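Here are my notes on the model you sent. Please read them with the structure open.

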Amino acid sequence: VKEGIALQIFGCSPVDLPDGTRIRGDTHVLLTGDPGCLVADERIVFGNGAIVKIGELGSEHLQPLKQQVLTGQGYRRDMATRFHVYRDQPILEIVTETGKSIKGTFNHPLLVMEKQRSQRFPCPPVRVWRRMDEIRPGDRVVTVPWIPCSITALVETGWRILGRKFGPRPRCRLPARLDKEVAAFLGWMLGDGWVRRYRMGFHINHEEKDLLPLLSSILERKFGLSLKVRRVKRRRAYLGEREIRRRHPLVEAEAHSVDVAANLYFLREKRVPTLVLRSGNDVVAEFLAWLFEADGCVFSKGRGRRGIQLKAKNIELLRDVQMLLLRFGVHSRITENNLTIRRARSIFKFSKAIGFRSRKKCMKLAKLVADCRNLDPWKCRGKQLSERVVIVRPAGRADVYDIEVPGSHRFIANGVVSHNTAKSEILKWVSQVAPRGLYTSGK
């Protein structure tokens with residue numbers, strides 16, 4: 001309908017002027033409609049490699065922006081110039097074979113690999129833009145195998161001591177910047193820790209108790225707190241008629257501070273903190289190492305049973321981690337509540353850039369790497385540039401957001417190459433119909 005109306009602009013009868021000049025008639029048509037947008041939680045990538053939720057880029061409709069974004073073409077960047085907000089729109093969700101999910105309006109375009117039909121010669125697939133409601137299970141959407149990052153500066157935490165009129169002065173300290181040690185502590189707390197109103201704490205298995213001095217040292221030097229450590233008996237587990245109790249109890253560590261607990265309260269959401277998503281690779285690698293240390297495992301039990309795994313109840317946490325792993329070129333797959341790294345090439349990269357910190361898991365990772373070196377090297381090469389769609393389903397209604405990228409008209413969303421606003425797409429099409437017209441955007 002919009003294309004038909006656009007053609008009406010240029011299809012009117014010409015006007016003959018008294019001097020014999022023929023000009024196009026005066027026709028003015030205003031095109032209106034809902035542009036394709038994404039939900040607020042979708043993760044886009046800035047030009048420096050920082051990962052930000054699209055809903056955090058602006059606060060009002062048509063707000064001007066001046067932010068570089070990656071276009072999904074290696075190091076190529078482009079400038080996002082405007083922010084869009086549309087309320088209460090119907091949403092469609094697309095899930096790929098590796099668990100990547102993208103939620104947006106029905107008419108939001110994604111880049112898809114389309115096969116060319118030829119009766120004589122085999123033709124390679126081409127990349128075309130296709131609306132989300134036109135994508136079907138079995139289609140392949142274009143994804144990015146790696147996210148370049150150039151961030152070197154430490155991100156400011158913004159943590160503040162709570163104001164109080166009565167009582168003693170706080171004895172704790174709050175780090176001004178997120179360095180590797182603070183990121184390590186956040187990673188462990190996100191995996192095996194808990195935060196209450198006046199205190200916080202975490203658990204450690206007996207086999208990984210060599211991590212306790214490291215965590216205690218970080219807490220004392222960065223936050224000025226000391227840990228209170230005690231043993232906790234495990235709950236009894238019943239297996240058939242047999243009662244099983246673990247031999248070694250858990251080690252529980254606690255620290256009391258109203259100010260620290262209040263500033264770390266965001267960990268209760270069980271998502272990768274925004275501070276980490278905006279940090280450089282050194283900080284991110286330390287955060288991931290301790291998160292995998294807390295809730296992850298590594299196994300090498302023969303062919304088809306090798307890999308590195310992370311478990312979490314919140315699947316959005318796993319998708320956050322999946323995006324961060326792309327910083328290091330690590331390919332992962334999400335199945336139910338597990339994120340698994342199985343490819344030999346990705347295992348090598350994980351071992352080199354991230355790794356583990358406890359002696360037990362470091363030894364298991366070294367064994368896994370040694371076993372993977374015996375595989376066929378030709379099977380370890382190559383990058384996956386597209387993924388098969390497995391699920392296309394309605395996802396209710398939500399407020400949606402989008403950005404305008406006038407140059408390349410594309411950006412990265414959850415690891416998938418996404419088009420900017422559908423309004424920009426129709427205007428670009430109109431500019432091709434009328435080359436002498438002006439292609440603009442704004443209020």
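1. Strand 19 (residues 250-256) is mostly covered, with 6 of its 7 residues buried. Buried means under 20% relative accessible area, exposed means over 50%, and partly exposed lies in between (1.4 Å probe, protein chains only). Strands (E, at least two residues) and helices (H or I, at least four) are DSSP runs, numbered from the N terminus. This is a predicted model: local features need pLDDT of at least 70, side-chain atom pairs count only at pLDDT 80 or more, and totals for chains, interfaces and linings use all residues. Residues are numbered from 1 along each chain as its sequence is written, and side-chain values use heavy atoms, with hydrogens and water left out.

2. Met200 has Ala255 of strand 19 as its bridge partner. Lys228 stands opposite Glu254 in strand 19.

3. Strand 21 (residues 306-311) and strand 23 (residues 338-341) share 4 antiparallel bridges. Ile308 has Ile341 in strand 23 as its bridge partner.

4. Look at the helices on this sheet. Contact means heavy atoms within 4.5 Å.

5. Helix 8 (residues 344-353) has Ala344, Ser346, Ile347 and Phe350 buried. Seen down the helix 8 axis, the buried residues fall within an arc of 160°, so they line one face of the helix. The arc is that of the directions from the helix axis to the C-beta atoms. These buried residues pack against helix 6 (281-295), strand 21, helix 7, strand 23 and helix 9. Gly355 follows helix 8, and its phi is positive, near 75°.

6. Now the rings. A search of the whole structure finds 8 aromatic pairs. Rings of Phe, Tyr and Trp (its six-membered ring) pair if their centres lie within 6.5 Å; planes under 30 degrees apart count as stacked, over 60 as edge-to-face and the rest as tilted. Tyr75 and Trp146 are an edge-to-face pair, 5.3 Å centre to centre with 80° between the planes. Tyr75 lies in the loop between strand 6 (63-70) and strand 7 (77-96), and Trp146 in the loop between strand 11 (140-142) and strand 12 (155-156), so the pair ties together parts that are 71 residues apart in sequence. Tyr75 is exposed, at 54% relative accessible area. Trp146 is partly exposed, at 34%.

7. Phe185 and Phe223 form a tilted pair, 5.5 Å centre to centre with 45° between the planes. Phe185 sits in helix 2 (residues 180-192) and Phe223 in helix 3 (residues 212-223), so the pair ties together parts that are 38 residues apart in sequence. Both Phe185 and Phe223 are buried.

8. Please check two backbone angles. Leu62 is not a glycine, yet its phi is positive, near 60°. Leu62 is in the loop between strand 5 (51-53) and strand 6, and is buried at 12% relative accessibility. Lys270 also has a positive phi, about 60°, without being a glycine. Lys270 is in the loop between helix 4 (258-263) and helix 5 (274-277), and is partly exposed at 29%.

9. Last, a loop residue. Ala176 lies between strand 12 and strand 13 (177-178), and is exposed at 53% relative accessible area. Its C-alpha atom is 5.6 Å from that of Thr157, 19 residues apart along the chain. Leaving aside neighbours within four places in sequence, Ala176 is in contact with Val155, Glu156, Thr157 and Gly158.

Note on methods: Two strands pair if DSSP finds at least two bridges between them.
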